[in-house]
Amino acid sequence: MAMDSLTIFMVTTLRSTAGVITPQTHGTHVAGTIGAVGNNATGVVGVNWGVGLMSLKFIDGFQADTADAIRACNYAKMMRDRWVSTGGTQGANLRVLNNSYGDDQFTQSFLDSINALNQSGILFCGFGGQCRWVQHPAG
């Protein structure tokens, strides 16, 4: 089944070993900042009340592999390409990826996957300014 929201964000956070999306404070906070529905007396509002959220988790605790990040990006690209090629009947209208993680090592293969996302019309947003050294993919 296709996701037909006009904008879908990917929140890349911790993955669950049980195969379930588990609560995680940073990812939950970011998702709320992006898409919390307002005007409902809960005291929180996001920047887009009608957004759909897709969670692609690849970090286990504080351990992650660049290949896993690339697989997550490739999946997002595949879903966007499927949306486009089927006229919106399959896939997801994924437009922006929010990526809140980093590494101090540059990897050409990861940059290639980010560039491939851009070619499919997906904006890749990386965090920045939280560390004393250059962080990739944001740096």
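Me: Let's start with aromatic pairs. How many does a search of the whole structure find?

Reply: Bear in mind that this is a predicted model. Searching the whole structure turns up one aromatic pair. The partners are Phe 110 and Phe 124, with 6.1 Å from centre to centre.

Me: How do I read the geometry, and what is the angle between the planes of Phe 110 and Phe 124?

Reply: The general idea is to look at the angle between the ring planes: over 60 degrees counts as edge-to-face. For Phe 110 and Phe 124 the planes are 85 degrees apart, so the pair is edge-to-face.

Me: And where do Phe 110 and Phe 124 lie?

Reply: Phe 110 sits in helix α3, while Phe 124 belongs to strand β4 (residues 123-126), so the pair ties together parts that are 14 residues apart in sequence.

Me: Is Phe 110 buried or exposed? And Phe 124, buried or exposed?

Reply: The cut-off for buried is under 20% relative accessible area. Phe 110 has 8% relative accessibility, so it counts as buried. Phe 124 is buried as well, with a relative accessible area of 15%.

Me: OK, now the core. Which residues of the largest nonpolar core touch the most other members?

Reply: In general, nonpolar side chains in soluble globular proteins tend to be buried together. Here the largest nonpolar core has 19 residues, and Tyr 101, Phe 110, Leu 117 and Phe 124 touch the most other members. At least two residues of this core come from each of α2 (66-85), β3 (92-99) and α3. The largest share is from α2, with six residues.

Me: Last one: which residues form a nonpolar patch on the surface?

Reply: Val 37, Val 45 and Trp 49 do, with about 290 Å² of accessible area together. Val 45 lies in the loop between α1 (25-35) and β2 (52-55), and its 47% relative accessibility makes it partly exposed.

Definitions and conventions: Residues are numbered from 1 along each chain as its sequence is written. This is a predicted model: local features need pLDDT of at least 70, side-chain atom pairs count only at pLDDT 80 or more; totals for chains, interfaces and linings use all residues. Side-chain values use heavy atoms; hydrogens and water are left out. Patches are made of residues with over 30% relative accessible area and no salt bridge: like charges are joined within 9 Å, nonpolar side chains (Val, Leu, Ile, Met, Phe, Trp, Tyr) within 5 Å. Accessible areas come from the Shrake-Rupley method with a 1.4 Å probe; for residues, only the protein chains shown count as cover. A salt bridge is a side-chain nitrogen of Lys or Arg within 4 Å of a carboxyl oxygen of Asp or Glu. Helices (H or I, at least four residues) and strands (E, at least two) are DSSP runs, numbered from the N terminus. Buried means under 20% relative accessible area, exposed over 50%, partly exposed in between (1.4 Å probe, protein chains only). A nonpolar core is a set of buried Ala, Val, Leu, Ile, Met, Phe, Trp, Tyr and Cys residues joined through side-chain atoms within 4.5 Å. Rings of Phe, Tyr and Trp (its six-membered ring) pair if their centres lie within 6.5 Å; planes under 30 degrees apart count as stacked, over 60 as edge-to-face and the rest as tilted.
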